[in-house]
Amino acid sequence: MAGRAATSSAKWAREFLFRRVSSNPLGGAIRNCSSSAPGAASSTPKVPHFSKKGRILTGATIGLAIAGGAYVSTADEATFCGWLFSATKVVNPLFALLDAEFAHKLAVTAAARGWVPREKRPDPQILGLEVWGRKFSNPIGLAAGFDKNAEATEGLLGLGFGFVEVGSVTPVPQEGNPKPRIFRLREDGAIINRCGFNSEGIVVVAKRLGAQHGKRMLAETSGTSSSSSDEVKPGANLDLVFLESTLERTRQVINVSSPNTAGLRMLQGRKQLKDLVKKVQAARDEMQWGDDGPPPLLVKIAPDLSRGELEDIAAVALALRLDGLIISNTTVSRPDPVSNNPVAAETGGLSGKPLFPLSTNMLREMYTLTRGKIPLIGCGGVSSGEDAYKKIRAGATLVQLYTGFAYGGPALIPQIKEELVSCLERDGFKSIQEAIGADHR
């Protein structure tokens, strides 16, 4: 066991630190940073001079990787796994030195190429639950917007998420809004984005999801026969966000709440939403599905709706037996303390910690309006296990994060799950299911 861990560590360190990135959008940029030989043409790009902070962080990262190689020779797989996640706390600050969108692309590339830790430790049983006839090893998911084009779903699932949402996906490829379009408000733990549905299109995403699903099925069917058929593997659920197209083996979400597409939020009105959902349901029912039947259909709504608008959405959801709601998308408001930040003047949707009170209050209202009959996914401002727990008590069956993950990195995932277990045990709950909607009882 220790020998295999040491070999794995050495391979990971070599790939992470020295492997050249090729055949991807980042390859050119990395190759242009290579040093030139004496006598080379003057047009050859020079090595950029890093700041003192950057040199310190880079040196610490390399030193940590070298120390880790020695450490894992005496560590078992679970211990090494924990060490890798902790090590990302040193690497993650490097991303803050980069342009926000470039850092995002780099993170997606790292996950796609397997340059991120892989969770080998099973989730605590107290976090397991079943929704829509599907088993989740834990309720913590990655929200839409990170892996827009299904490039890195396997790597992201491997981090220990209970589920990963892909998209948003558009019917045809489109560039989205002009850059810059992502802005950090680091001191507030927030981000403003106005990406505008940049997507490679449904055809590309469908092919990637199909290929990755095939690999997953092959891996599961060729696994050891000693594993239980009832075992819930971490990251066993994969989701797809879409506008008008559908795919099998996924949970499907109609995103009518992005603030960055003109007229989109108007689809949240009672008549407009009812017509849209009925059309999607009709198209879904005409398709042929496997033994599990059609995938569940959810709607993602904005956090800036009035009480009357929430009542309309709840009425549609109950009347059409919608499978669930995601609450919520980003907000166009600028609540304190963000309102005092100069970056707050940028147009776009605000996500992160300042969104937490607004989205959680809306979640609580929607749970009441739907009488707890429809599964809700709580999204908006989650950056700790306590945050996730508050969403669950307010009525969320599952929880999603994005901005917290962007700032906290991979180490945040096991931390949130550990803190969530502590919250449940502290209040005497024996399962995550018992805590759903606890504030309403």
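How are helix 8 and helix 9 oriented to each other, roughly parallel or roughly antiparallel? The points below take up this pair and some other elements of the predicted model.

1. Helix 8, residues 270-286, packs on helix 9, residues 307-319, at an angle of about 25°, and their axes lie 9 Å apart. Angles under 35 degrees count as roughly parallel, so helix 8 and helix 9 are roughly parallel to each other. Their crossing is right-handed.

2. On the helix 8 side, this contact is made by Arg270, Leu273 and Lys274; helix 9 supplies Glu311, Asp312, Ile313, Ala315 and Val316. By class, the contact residues of helix 8 with helix 9 comprise 4 nonpolar and 4 charged, with no polar ones.

3. Helix 9 also packs against helix 10: the two axes come within 9 Å and cross at roughly 45°. Helix 9 and helix 10 are therefore oblique to each other. The crossing of this pair is right-handed.

4. In the contact of helix 9 with helix 10, Arg307, Leu310, Glu311, Ile313, Ala314 and Leu318 of helix 9 meet Met362, Glu365, Met366 and Leu369 of helix 10. These residues divide into 7 nonpolar and 3 charged, again with no polar ones. Glu311 and Ile313 are listed in the contact with helix 8 and in the contact with helix 10.

5. An open sheet of 3 strands has the order 5-6-11, and its pairing is antiparallel. Strand 5 (182-185) and strand 11 (349-352) are the edge strands; each has a single partner strand, so one side of each has no neighbour in the sheet. On average, neighbouring strands of this sheet are turned by 25° against each other, direction ignored.

6. Within this sheet, strand 6 (residues 190-193) and strand 11 run antiparallel and are joined by 4 bridges. One of the residues involved is Ile191, whose bridge partner in strand 11 is Ser351.

7. Helix 11, residues 385-394, is mostly covered, with 7 of its 10 residues buried. The buried residues are Gly385, Asp387, Ala388, Tyr389, Lys391, Ile392 and Ala394. Asp387 and Lys391, both in this buried set, count as charged.

8. Just after helix 11, Gly395 takes a positive phi of about 135°.

Key:
Residues numbered from 1 in each chain as written. Predicted model: local features only at pLDDT ≥ 70, side-chain atom pairs only at ≥ 80, totals over all residues. Heavy atoms only, no water. Axes fitted to C-alpha atoms, helices over the stretch in contact; angles between N-to-C directions. Helix = DSSP H or I, 4+ residues; strand = E, 2+ residues; numbered from the N terminus. Parallel < 35°, antiparallel > 145°, perpendicular 65-115°, else oblique. Left-handed = near helix turned anticlockwise from the far one by under 90°. Contact = heavy atoms within 4.5 Å. Pairing = 2+ DSSP bridges. Buried < 20%, exposed > 50% of the residue type's maximum accessible area, 1.4 Å probe, protein only.
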